[in-house]
Amino acid sequence: MDFPQNMSMEEAFALAEAEAKLKQALTESKARFENAVIPNRLNEDWRFGRPHKHAVALAELLQSDTPSQGEATVQHAGEAAVPVTAEDDDLRQTEMLMPTIGSDALLGMHLKRFGDGYALYIEEDTKEPILLTYKTDTLYTPSTFIMVAPGVKAHVIEQHYGCEKGTIFATRNIQVAEGAELKVELQPYGCARCMSITNIQNMGGKVVHYTHHFACDWAREETVAEIYTPGADNQLFSANKLDLDQVLDQHTRQIHHVGGATSNLLYKNVVDDNATGIFAGNIYVAPGAHNTDAYQSNRNMLLSEKATIHSLPGLEILADKVRCSHGSASAPMDEEQLFYLLSRGIPRDEALALVSHGFLQDVVDKFERS
Amino acid sequence: MSLIIRNLSARVKDGAQILNGINLEIPKGEVHAIMGPNGSGKSTLSKVLCGHPDYEVIEGTAELDGQDLFAMSVDERSRAGLFLAFQYPVEVPGVTNANFMRAALQARLPKGEELDAVSFYKTMRSKMTALGMDTKFTARAVNEGFSGGEKKRNDVLQMMMLEPSYAILDETDSGLDVDALRIVSDGVNAMRAPFRSFLVITHYKRLLDYIKPDVVHVLYKGRIVRTAGYEMVEHIEQNGFDFLKSEE
């Protein structure tokens, strides 16, 4: 290893130690990909998400000769956006190290196609949201990297267009520095299959993350939001209307490595027809991460007898002096709310639409206010 | 033209019978009050008339200007001119007051005709001001986070916007302070007209001091047992409802 000439002995030791840790982590990551199995019903993180149909089909597609093919565009980014290339080893390593919630095998396959997407190095406040779009009608495996500099306020919207028959499997690595504020939205539209794995690393800033799925046949979303610095704040929101035979399989982990920080989650779904929603969330508070505030709430409205919700909120708290809560409620539409609208002469179909839309609008309002 | 209820009996769905043969006629232009002890069926009567799904009619009829009320769906009854100011107005998260009212008024227009947004907001704001409501409430979700009094005012606002032919006020005075009671009553009184009727349900004289009824009915054990003038309000205020028990 070559050290810069003006580096002190302590700095040189620290750098060497970091290099060694990285090497070790990369070695371990390689092993996890090699040992990982394709998700199946026996995998705790996949048991409700119809892995026998969708995860297996996704794995087969990734192992096939089908190339990753799609269109990536970015708007309003100025000089912040840099296309990801297969040669970018730093970004590849970042993706290699990102945590999954049961999808190591699939992430390993994603890495074999690494080399598409955008890295956003945001060093100035964004005047209007940076808009990233990934579009395909076959298979597309883009990677997004968002890095927000200290004190900078940014807003990023990432949209996936699947053109009804396309599969998009995207990864997103987000790093937010101290005092930075990032609003980030994920909006998949019309994908036959849509998978996204997101890792948020918050170093003392504020991240407000919102996902909204629209007309995707099957979607799997894994979000690991990590806090590394006191004072950090992660706000996770999701609002979705599911119908027909749609499946939305959402998994989250709010990880507090240190104390004195906040994370909050609110995921809501309106589920109609034969659709299925899955929410499995976990709050992890590391030993010694005292004075943590962490909350998690999953709310679902079921509009038909065949609509299904599997909700598994969870807490894993290894520190004292924390304020943590988790809750879940799934129920048909409130008859009293519906009656109230009907009693004012609003026709039934419109009343149903207003109440269910209002149920989700609550999340949108909170996202916009955050 | 009247609201005519004949021999109405109703029960909680799969449960107890609450109304036991009610007969009541409320002609246009009149204000009728219903008083009665707790559990006598006052709120049940209002909900049955509006078609609440928790209740079912066992027998009897109700006509609204000659139309069979029970043949209509809940929303049709409203559009036909019936209004209920709820005892406990419901919170509807995520639906703004403005969107709620627009949907209700739009539903009353002929197909293809669009509500004029400018005049809608102008009307809504002026009525809110008359009721002492902050006009910012147009953008607030319906009743969400409102105090008890604000919810009641909001229901009266809806009544003023929808201009029904028959309005039932179910304990609108509960939860209102003295000033709010006067403001809300002024709003109701301003709507009194030869083409409109009110059925005011209350426990207390204080509301009927502001909204003077033409006729007072006493409901007991699911039946109208007395019909009189305003003197009945004074009698109940002084003596309570014990006289009903002694006559059993």
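This is a predicted model: local features need pLDDT of at least 70, side-chain atom pairs count only at pLDDT 80 or more; totals for chains, interfaces and linings use all residues.

Visitor: At roughly what angle do the axes of α5 and α6 of chain A cross?

Guide: Roughly 130 degrees, and the axes of α5 (residues 335-342) and α6 (residues 348-369) come within 9 Å. That makes α5(A) oblique to α6(A), since under 35 degrees is roughly parallel, over 145 roughly antiparallel, 65 to 115 roughly perpendicular, and the rest oblique. Helices are DSSP runs of H or I, at least four residues, and strands runs of E, at least two.

Visitor: Which residues of α5(A) meet α6(A)?

Guide: A:Q337, A:L338, A:L341 and A:L342 meet A:R348, A:A351, A:L352, A:L354 and A:V355 of α6(A). By class, the α5(A) and α6(A) contact has seven nonpolar, one polar and one charged residues.

Visitor: And in chain B, how do the axes of α5 and α6 cross?

Guide: α5 of chain B (residues 148-162) and α6 of chain B (residues 178-191) have axes that come within 11 Å and cross at roughly 15 degrees. That makes α5(B) roughly parallel to α6(B). The crossing of α5(B) over α6(B) is left-handed.

Visitor: New topic. How many residues does each chain give to the contact?

Guide: Chain B gives 30 residues and chain A gives 20 (contact means heavy atoms within 4.5 Å). Together the chains bury about 2,000 Å², with 68% of it on carbon and sulfur atoms (accessible area, 1.4 Å probe, lost on being put together, summed over both parts). On the chain B side, B:F86, B:V90 and B:F100 lose the most area to chain A, together 23% of what that side buries.

Visitor: How many salt bridges are there across that interface?

Guide: One, between chain B and chain A (a Lys or Arg side-chain nitrogen within 4 Å of an Asp or Glu carboxyl oxygen). A:R344 and B:D155 meet in a salt bridge, 3.3 Å from N to O.

Visitor: And how many over all chains?

Guide: The whole structure has 17 salt bridges. One of them joins A:R32 and A:D104, with the closest N and O atoms 2.8 Å apart. A:R32 lies in α1 (residues 9-35) of chain A and A:D104 in α4 (residues 104-112) of chain A, so the pair ties together parts 72 residues apart in sequence.

Visitor: What about A:D249; which residue does A:D249 form a salt bridge with?

Guide: A:R220, again with the closest N and O atoms 2.8 Å apart. A:D249 is in strand β14 (residues 247-256) of chain A and A:R220 in strand β12 (residues 218-227) of chain A, 29 residues apart.

Technical notes. Residues are numbered from 1 along each chain as its sequence is written. Chains are lettered from A and ligands numbered from 1 in the order in which they are written. Side-chain values use heavy atoms; hydrogens and water are left out. Axes are lines fitted to C-alpha atoms, for helices over the stretch in contact, and angles run from 0 to 180 degrees between N-to-C directions. A crossing is left-handed if the near helix is turned anticlockwise from the far one by less than a right angle, and right-handed if clockwise. Buried area is the accessible area (1.4 Å probe) that two parts lose on being put together, summed over both. Ala, Val, Leu, Ile, Met, Phe, Trp, Tyr, Cys and Pro count as nonpolar, Asp, Glu, Lys and Arg as charged, and the others, Gly among them, as polar.
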